[in-house]
Amino acid sequence: MSDNTVTFKIDGVEVRASADKTIIQAADEAGIYIPRLCYLKELPPGGHCRVCTVKVNGRPVNACTYPVAEGIIVENDTEELNTLRRNLIEMLFVEGNHFCPSCEASGRCELQALAYRLGLLAPQMPYLNPQRELDATHPDIYLDRNRCVVCGRCVRASIYLDKKNVFGFENRGIKMKISVNSNDGLRDTNLTKDDEAMKVCPTGSLVIKRQAYLTPVGSRPYDKEPIGSEIEKKKCS
Amino acid sequence: MSAKSEKKIVINPVTRIEGHAKVTILLDDKGKVKHARLHVIEFRGFERFVQGRFYWEAPTIVQRLCGICPVSHHLCAAKATDVIVGAKKLTPTAEKMRRLMHYGQTLQSHALHFFHLCSPDLLFGFDAPVEQRNVIGVIKADPETAKKAVLLRKYGQEVIRFTAGKRIHGTGAIPGGINKNLSTEERDILAKDIDIILQWCIEALELCKKVVKSKLDFFLKFGAFDSNHLSIVREDGCLDLYDGLLRAKTADGKIICDKVKPEDYLDYIAEEVRPWSYMKFPFIRSLGKEKGWYRVGPLSRINNCDFIDTPIAEKERQELMSLTKGKPINASMAYHWARMIELVHSAEKIKELLSDPELQGTELITQGKRQKRGVAWIEAPRGTLFHHYEINDNDQIVLANLIVSTTNNNEPMNKVVEVLARDYLEGKSEKEITEGLLNHIEVGIRAYDPCLSCATHALGQMPLHVQLYDHNGALLDEAIR
């Protein structure tokens, strides 16, 4: 074992990883799926959604921000943690207006796919039915805040990958929403449909116009296999 | 006559129809029918809540107003959005895939209606014991026919799955085309069974004809009344369920309007609102509210077309039309016969399409000059369906108007209730108005195969309610389901 490599356990499985990795990065490399929503490997971690919460030596932490360490004991795929994750996903559903049956993101939506993977069939909490704004002003793009889970991926992608800073957060807590850096909606920003920010939305919130339903039902990403399968395949190979 | 001496009969809900409604019949002090109404007690909402959504979402959102004929709404909305994206002519693969989807739906919907909803009346009698007069009774009496009914519907649903992606509420049709072709594997699965499916459709038609011919005079007079007839027909006058131009005829076959294009529909059709129903009353403008109402659906389509382009259905059309020497048939119960001709036609069309290699083509979408208004129609199983959308510069829908098949049949369904109330309830005492007699009213409504959730674009679950009042305004009888 070299100096910068550590060994630890996730759900009893021994994992070796570079000491500069986070738990979620190490797990991905080892073919162990930790559910996540705001985390995307191409972006710096945000630590917003808490779906990737694991227990390290019995203490809950974000797998996307917590560094690996020698000998730590990580709990991931446990009934307790999956129940907490299911509750988080459920809250995201009832806090927004997510109408999967007609949503163009259905079948490729990570929120929907997580709900299926975690066994959330129907929310038990009351729907809040909030009034949310739809920004359709851009000729090629729309931002539907009804479907936004405020994961911040677009914020980070615009800053770190596109170097544009088109998106930001506004308000706090349950009133938090994505804002754009103009007073006249998306049309007055320098966002283009080729930006990296347009590739990162986990739901159907930030979407390129006139591309809907091009993939038939049955051929969409999560029609074929559950979310996380692409990571778990590494373990098999 | 004082209001106190009137009586009111209520049937609530009307059963074995799609959706929820009630019937009220008001009798005066002499027991005469003062008025008879079919009330649709569902709330409409879709035209409002698609406002603000994008036009490409319309085919997927609006189809959710129905679980029986969503394909009609899906395709009609897609046709309207074809206009918006400037797709004047679809690729052959796209048009044929959509047609296949539509014939699959017509087949399953007509089979569902005939076997599951109306065959208990036709096979056991309108006043047969209620415990027998239902689909379970049909299964017990003739399990082989019941099995064929289920498999017919299943086949239609499979056609829909292979063309739309799902059996119910698929996403196949998109603005300007379709998102998939028919793979050779899918084609072979459907082709394997189409001959037996066609045979079963012919058997269903023969069964229907046998029942009707056994009491032809009775069926031709039951709930009969004159009306105009409206449908789309192909430009050459052929029956066409997917596309065509609008034609309307009078009860005796005179043309009221012909070759009307979808974009001009408002010049010909208007809708009246009456306070006692959530369903509007459409009429032909040139004839006015009183005389302009019309029938739609299988009977009107058979009455209006000049011919059918599939051999078995055309032969059957000629036999049906010979009953009135080629003039329109105005008998409500003839809907069943016409519907079964269309069932056969749909199977013939599916067979024809499955041997067409263009279904395996790869050119799926076409576009042209963008428009801000899109109007389209289609012949849904229950009749002519209109979809009209207008959009703003941001691609959002700002106006949606749906005139749904069952809405077009609103006045005829009210008329059939009135005619049957006069024929069967007038002058009867309270004791004489049995459940079986009230079912005669429902039989008349069922002939039109109404889909009331479609017609009102309903929200939620709402029941159907029939009430009978006496001339004193006292409730004599009611049924709620």
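This is a predicted model: local features need pLDDT of at least 70, side-chain atom pairs count only at pLDDT 80 or more; totals for chains, interfaces and linings use all residues.
Chain B contains 17 helices and 16 strands. Its radius of gyration is 22 Å, close to the 23 Å that the globule rule gives for 481 residues, so chain B is as compact as a globular protein of that length. Along the principal axes, the C-alpha atoms of chain B fill a box of roughly 70 × 50 × 40 Å. Of the 481 residues in chain B, 64% are buried. Contacts in chain B were also sorted by sequence separation. Among those between residues at least 6 apart, 73% join residues at least 24 apart.

Chain B exposes about 17,400 Å². Carbon and sulfur atoms supply 52% of that area. The chain carries 67 positive and 63 negative side chains. The centres of these two sets lie 2 Å apart.

Side chains of opposite charge can pair when their charged atoms come close. Over all chains, the search of the whole structure finds 61 salt bridges. One of them joins Glu110(A) to Arg153(A), with an N to O distance of 2.7 Å. Glu110(A) lies in helix α3 (residues 110-118) of chain A, and Arg153(A) lies in helix α4 (residues 153-161), so the pair ties together parts that are 43 residues apart in sequence. Glu110(A) is buried, at a relative accessible area of 16%. Arg153(A) is also buried, at 1%.

A salt bridge also links Arg117(A) and Glu232(A), again at 2.7 Å from N to O. Arg117(A) sits in helix α3 of chain A and Glu232(A) in helix α6 (residues 229-236), so this pair connects parts that are 115 residues apart in sequence. Both partners count as partly exposed: Arg117(A) has a relative accessibility of 32%, and Glu232(A) has 28%.

In chain B, the side chains of Lys79(B) and Asp243(B) meet in a salt bridge of 3.0 Å, N to O. Lys79(B) belongs to helix α3 (residues 70-84) of chain B. Asp243(B) belongs to the loop between β6 (228-233) and β7 (245-249), so the pair ties together parts that are 164 residues apart in sequence. Lys79(B) is buried, at 8% relative accessibility, whereas Asp243(B) is partly exposed, at 33%.

Technical notes. Residues are numbered from 1 along each chain as its sequence is written. Chains are lettered from A and ligands numbered from 1 in the order in which they are written. Side-chain values use heavy atoms; hydrogens and water are left out. Helices (H or I, at least four residues) and strands (E, at least two) are DSSP runs, numbered from the N terminus. The radius of gyration is taken over C-alpha atoms; the globule rule is 2.2 Å times the number of residues to the power 0.38. Buried means under 20% relative accessible area, exposed over 50%, partly exposed in between (1.4 Å probe, protein chains only). Contact means heavy atoms within 4.5 Å. Accessible areas come from the Shrake-Rupley method with a 1.4 Å probe; for residues, only the protein chains shown count as cover. Lys and Arg count as positive and Asp and Glu as negative; His and the chain ends are not counted. The place of a charge is taken as NZ of Lys, CZ of Arg, CG of Asp or CD of Glu. A salt bridge is a side-chain nitrogen of Lys or Arg within 4 Å of a carboxyl oxygen of Asp or Glu.
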